[in-house]
Amino acid sequence: MKKLFAVAILGLTAVSGWAQGTVTFQNGGLTFTPVANRYVYASEPIGPGDATDAARRLTGTNYTAGLWYVPGAGSTLLNNGRGGVQAANSITTSASLFNFRAPTTTDANKGTWVPIGGNSFVLQGINVGESATLQVRVWDYITFGRTEAGYLAALAAGGGVGFSAPFDYTVPAAGSTPDKYYLNNLRAFALVVPEPSTIALGVLGAASLLFLRRRK
Amino acid sequence: MRTKALLLTAAVGAVGIASSMAQAVYSVNIVGYVNKTLPSGLSMVANQLNATPNNRVTTLIPTPTGALSVSKFVPATGNFVSATFDTDAGWDDPTSMVLNPGQGAFVDNPNPPMPVTFVGEVQLNSTVNIHSGLDIYSSVLPQAGDLNAIGFPAIPSGQQMALFKFNGTAFSNFSYDEEAGGWQPAIPTVAIGESFFIDNGANPTLPWTRNFTVGP
């Protein structure tokens, strides 16, 4: 009985003082549970996440990753990579994005972003014990811009962009271990490679522009 | 939290002049005490002195002034084991919990801030093995400061690490990434008597060795 009391205290103390939920925004270098592939790939196919697929994992400091969420578990609102609220860094209390690594990084770090400025992100309005649906979004910010509008432009262009399958996250109670705050339900995903028809349309468009310019 | 540490006696005893060759024999150790105030609620605590006859929790804090629970993390299970003190029943310590220097635990104090005093000998030579995965650690020596000041080992190139300090309501996250320029958002600092979580990911064991000498 006393043990139960102690565990209850451990779980409940200070809950009231910790209103906003946080999540540790990092997809490598941590002890996730369960063991799974959480890398970002430059293109399909998604491999087993070991040395055999390191070359296909995303590198390049022109790519950036951010976190979006909607309240409640199992939401389908993020299914097409749009919508949701961008999570803010708990230190800067602003939207935060982390860039990917240079291609010279070690194999184990390929496909992971670099957490600079603190990896604890706040989920505004999601309290301890409540759940949210999260989504990681990655895009080429040098080409499309470093704002949500840049991400949407990349998405519209159909290349240099990718987003994870939406996944659930429940804000742990105080006294939980740090790994409960990890992106444990994140799974590997790959950037979108433009369809051949999209590429063909682009080439056709460019050729048309060139033709029109020459006629003038 | 007001923590006062005073190393009382550097017992440098010249036991005797052994011979006409004037070879001196010294008995060198450091004994002292650490006064620590356990705040109301949860905190992460470390014992940094070797007590007599052992470092069992029931030896370190034999008679708390109120109810108390000490919870130690078990990496193999990812759960805690607890020892609880009840003012009527005394200690209930089913696992004979030991808190050696270099280790740490969550302490839950449901009462007003509670002063405790750790008494014992400083461990001059030690190696704490920071194994892969998640665990609670502390400085073996009762020192405060940033990781450099407490002799934390250099993290091998290409490896990431995360450190989590409990601030009373939530964790403060620190991540080490060479490509982020080192520790982010800043190098962690710890107080005397404070413990913290480290996630060493899938990295090999990193030994944290301290050798401290006193006397002539």
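**From a helix to the contact between two chains**

In this predicted model, helix H3 of chain A is followed by Gly158(A), whose phi is positive, near 80°.

Helix H3 of chain A spans residues 148–157, and within it Tyr151(A), Ala154(A) and Leu155(A) are buried. Viewed down the axis of H3(A), the buried residues fall within an arc of 100°, so they line one face of the helix.

Val161(A) belongs to the largest nonpolar core, which has 97 residues. Together with Leu67(A), Val138(A), Trp139(A), Leu163(B) and Phe196(B), Val161(A) is among the residues that touch the most other members of this core. The core draws at least three residues from each of domain 1 (38–120) and domain 2 (121–211) of chain B. In soluble globular proteins, nonpolar side chains tend to be buried together.

Chain B may now be considered as a whole. Chain B contains one helix and 17 strands, and buried residues make up 39% of its 216 residues. Among the contacts in chain B between residues at least 6 apart in sequence, 72% join residues at least 24 apart.

Where do the two chains meet? In all, 33 residues of chain B are in contact with 35 residues of chain A. On the side of chain B that touches chain A, at least two residues come from each of strands S3 (41–45), S4 (68–74), S5 (79–86), S7 (105–109), S12 (161–166), S13 (171–177) and S16 (196–199) of chain B. S13(B) gives the most to this side, with four residues. By type, the residues on this side of chain B divide into twelve nonpolar, 15 polar and six charged.

Several details of the backbone also deserve attention. The peptide bond from Thr33(A) to Pro34(A) is cis, with omega near 0°. Pro34(A) is placed in the loop between strand S1 (20–24) and strand S2 (40–41) of chain A. In chain B, the peptide bond from Gln184(B) to Pro185(B) is cis, with omega near 0°, and Pro185(B) lies in the loop between strand S14 (182–184) and strand S15 (189–190).

Ser96(B) is not a glycine, yet it has a positive phi of about 50°. The loop that holds Ser96(B) runs between strand S6 (90–92) and S7 of chain B. Ser96(B) is exposed, because 10 other C-beta atoms lie within 10 Å, and a residue with 12 or fewer counts as exposed.

The C-alpha atoms of Ala51(A) and Asp107(A) are separated by 6.7 Å, while the two residues are 56 residues apart along the chain.

Key
Residues numbered from 1 in each chain as written. Chains lettered and ligands numbered in written order. Predicted model: local features only at pLDDT ≥ 70, side-chain atom pairs only at ≥ 80, totals over all residues. Contact = placed C-beta atoms within 7 Å. Nonpolar A, V, L, I, M, F, W, Y, C, P; charged D, E, K, R; others polar. Buried ≥ 20, exposed ≤ 12 C-beta atoms within 10 Å, placed from the backbone. Arc of directions from axis to C-beta. Core = buried A, V, L, I, M, F, W, Y, C linked by C-beta atoms within 7 Å. Domains from an automatic or database assignment.
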